[in-house]
Amino acid sequence: MAKLTINENKKLGKINAEIYGQFSEHLGRCIYEGLYVGEDSEIPNVNGMRIDVVNALKDLKIPVLRWPGGCFADEYHWKDGIGPKAERKKMINTNWGGVLEDNSFGTHEFMELCEQLGCKTYINGNVGSGTVQEMSEWIEYMTFDGVSPMSELRKKNGREKPWKVDYFGIGNESWGCGGNMTPDYYGNLYRRYQSFVKDYAGDGNIHKICCGPNADDYHWTEEVLKKTYDHTQKELHGMMDGLSLHYYTVPGDWTNKGSATEFDEKDWYRTIKKALYIEELIEKHSHIMDQYDPEKKIGMIVDEWGCWFDVEFGTNPGFLYQQNTMRDALVACASLNIFNKHCNRVKMANIAQMINVLQAMILTEGNKMLLTPTYYVFHMYRNHQNAELLESDMEISEIGTDDDKIPDLSESVSMDEAGNIHITLGNLSPVQENPIEIRFFEKRAEHILATILTGPMKGHNTFEEPEAIRETEFTDFVITDSGNICLTIPPCSVLHLEVKS
């Protein structure tokens with residue numbers, strides 16, 4: 001029997017709610033058809049936003065939403081997406097499918113969506129094909145409450161009061177689709193562009209995000225931090241609030257990524273192993289960041305992560321539409337546990353992407369909607385938001401194939417403001433159940449609420465069977481005389497236990 005030991009008296013740091021952030025790009029059917037159907041749609045909506053989708057996302061307590069990209073951000077010119085919709089410029093989305101982008105979803109619509117969701121805003125600015133003036137004017141348009149050309153333009157377009165921009169990214173993937181830049185060149189550009197992200201509200205609350213590395217490009221991290229480090233003040237803080245990291249779990253290679261639904265146990269172990277690699281990336285990039293920011297004032301922002309498989313048969317390859325199985329759920333489980341345990345450096349993460357793209361929360365088809373296994377993992381983990389990480393230690397065994405060894409279990413534990421303890425467990429084996437004893441240092445468990453997500457490793461929801469995989473109540477546990485918890489977690493399962501204070 002594996003043992004999970006929890007020291008409820010030792011808090012290791014705050015788990016930022018933003019670790020459970022989301023990402024919506026002008027890509028495929030993420031925004032159009034997924035989130036936004038327009039005010040005249042027969043699909044029930046409020047100001048163009050799908051009511052069913054918004055309500056489902058609100059249940060996740062989404063903390064922050066990133067927009068408009070992604071690669072799309074560095075070809076997006078914000079003035080094309082304001083004013084009367086009939087007069088907005090149309091363009092071709094050259095990154096994603098070569099389809100028409102009519103700009104009917106722009107700044108006002110994004111802010112409306114975030115207001116409906118009750119979440120913070122994370123906007124990526126255009127460095128790749130945009131100017132400093134364009135970025136500066138966008139900030140002014142969104143956040144200035146005085147008299148200026150941009151604030152007057154905003155008012156003309158129907159918004160009297162400014163919005164709040166919580167996070168602003170200075171470009172996206174500048175090492176790739178955002179301009180194919182060198183770290184030296186981008187570092188200098190970042191210094192220039194971020195200077196014009198003005199704090200019009202005077203509260204210092206626009207957090208500036210620097211474009212960080214792709215996966216294991218440690219050279220990029222080192223060189224960009226060298227360029228942006230303020231040698232006079234001996235710090236980065238003020239010029240930078242976060243450094244992004246992008247990493248996708250791809251079981252194959254970029255030309256043959258593998259199927260989202262047709263895979264065997266060997267593929268399962270390879271996928272989970274690749275997902276777990278993100279912990280090494282976090283640790284090694286954190287070590288570099290520590291040289292310039294030892295007090296950890298700068299957050300690591302994992303603003304693109306998740307599974308990337310081949311698109312579903314018969315769909316536009318540029319739309320990145322893929323199904324979502326229990327394998328995706330366990331990748332989400334293990335990844336979120338890793339982010340929680342590194343909350344002293346990881347301050348935000350944004351899974352790619354929210355609707356109909358890559359590892360989505362929700363899939364839509366016309367007026368139909370379904371929740372994916374990944375959705376339920378986020379639902380089970382939502383109580384970690386803003387909770388305190390507790391010290392925990394799990395006895396693990398090694399499982400897998402000769403080439404791909406992984407631990408059999410994944411966990412993280414937190415305590416919320418009311419003193420309730422939240423335990424999230426994943427059984428990473430697709431075939432073997434696992435008996436577990438949960439021990440505390442002093443606490444005696446008395447009242448427990450628990451839910452589980454489980455099913456066959458290829459299990460997924462379809463529009464014909466939208467609830468084949470779903471979160472259900474879990475009661476198959478025993479509280480011992482000493483106040484410990486004994487249970488058996490089924491194979492291919494994610495479990496959340498709330499131990500009441």
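Predicted model: local features only at pLDDT ≥ 70, side-chain atom pairs only at ≥ 80, totals over all residues.

Colleague: What makes S5 and S8 a pair?

Modeller: Pairing needs at least two bridges between the strands. S5 and S8 have four bridges, so they count as paired. Within that pair, Val64 stands opposite Lys120 in S8.

Colleague: How do you know that S2 pairs with S5?

Modeller: Two bridges join S2, residues 21-23, to S5. The cut-off is at least two, so S2 and S5 pair. They run parallel. Phe23 stands opposite Arg66 in S5, and Gln22 stands opposite Leu65.

Colleague: Which way do the residues of S5 point?

Modeller: Val64 and Arg66 point one way, Leu65 and Trp67 the other way. In a regular strand the side chains alternate between the two faces of the sheet. All four named residues of S5 are buried.

Colleague: Now a single residue. Why is Thr143 called buried?

Modeller: Buried means under 20% relative accessible area. Thr143 has 9%, so Thr143 counts as buried. Thr143 is found in helix H3, residues 132-143.

Colleague: What does Thr143 touch?

Modeller: Leaving out residues up to four places away in sequence, Thr143 touches Pro162, Trp163, Val165, Tyr200 and Ile206.

Colleague: What makes the approach of Thr143 to Ile139 a polar contact?

Modeller: A polar atom of the side chain of Thr143 lies 2.7 Å from the backbone oxygen of Ile139. The limit for a polar contact is within 3.5 Å, so that distance qualifies.

Colleague: What about two helices together? How do H7 and H8 meet?

Modeller: The axes of H7, residues 265-276, and H8, residues 278-292, come within 4 Å. They cross at roughly 15 degrees.

Colleague: Why is H7 called roughly parallel to H8?

Modeller: Angles under 35 degrees count as roughly parallel. The crossing is roughly 15 degrees, so H7 is roughly parallel to H8.

Colleague: Which residues make the contact of H7 with H8?

Modeller: Lys274, Ala275 and Leu276 in H7 meet Ile278, Glu279 and Glu280 in H8. These residues divide into three nonpolar, no polar and three charged.

Colleague: Why is helix H10 called largely enclosed?

Modeller: Nine of the nine residues of H10, residues 373-381, are buried, so H10 is largely enclosed by the rest of the structure. Among them are Tyr375, Tyr376, Phe378 and His379.

Colleague: How do you know that H2 is largely enclosed?

Modeller: The count again. Ten of the eleven residues of H2, residues 107-117, are buried, so H2 is largely enclosed by the rest of the structure. The buried residues include His108, Glu109, Glu112 and Gln116. H2 is followed by Gly118, whose phi is positive, near 70 degrees.

Colleague: Which residues other than glycine have a positive phi?

Modeller: Ala215 is one of them, with phi near 50 degrees. Asn356 is another, with phi near 60 degrees. Ala215 is found in the loop between S10 and H6. Asn356 is in the loop between S13 and S14.

Colleague: Why are Ala215 and Asn356 called buried?

Modeller: The cut-off is under 20%. Ala215 has a relative accessible area of 15%, so Ala215 is buried. Asn356 has 1%, so Asn356 is buried too.

Colleague: Last topic, then. Where are the cis peptide bonds?

Modeller: One runs from Trp67 to Pro68, with omega near 5 degrees. Pro68 is found in the loop between S5 and S6. Another runs from Ala352 to Gln353, with omega near -10 degrees. Gln353 lies in the loop between S13 and S14.

Key:
Residues numbered from 1 in each chain as written. Heavy atoms only, no water. Buried < 20%, exposed > 50% of the residue type's maximum accessible area, 1.4 Å probe, protein only. Polar contact = N/O pair within 3.5 Å; in protein donor to acceptor, adjacent residues only side chain to side chain. Contact = heavy atoms within 4.5 Å. Axes fitted to C-alpha atoms, helices over the stretch in contact; angles between N-to-C directions. Parallel < 35°, antiparallel > 145°, perpendicular 65-115°, else oblique. Nonpolar A, V, L, I, M, F, W, Y, C, P; charged D, E, K, R; others polar.
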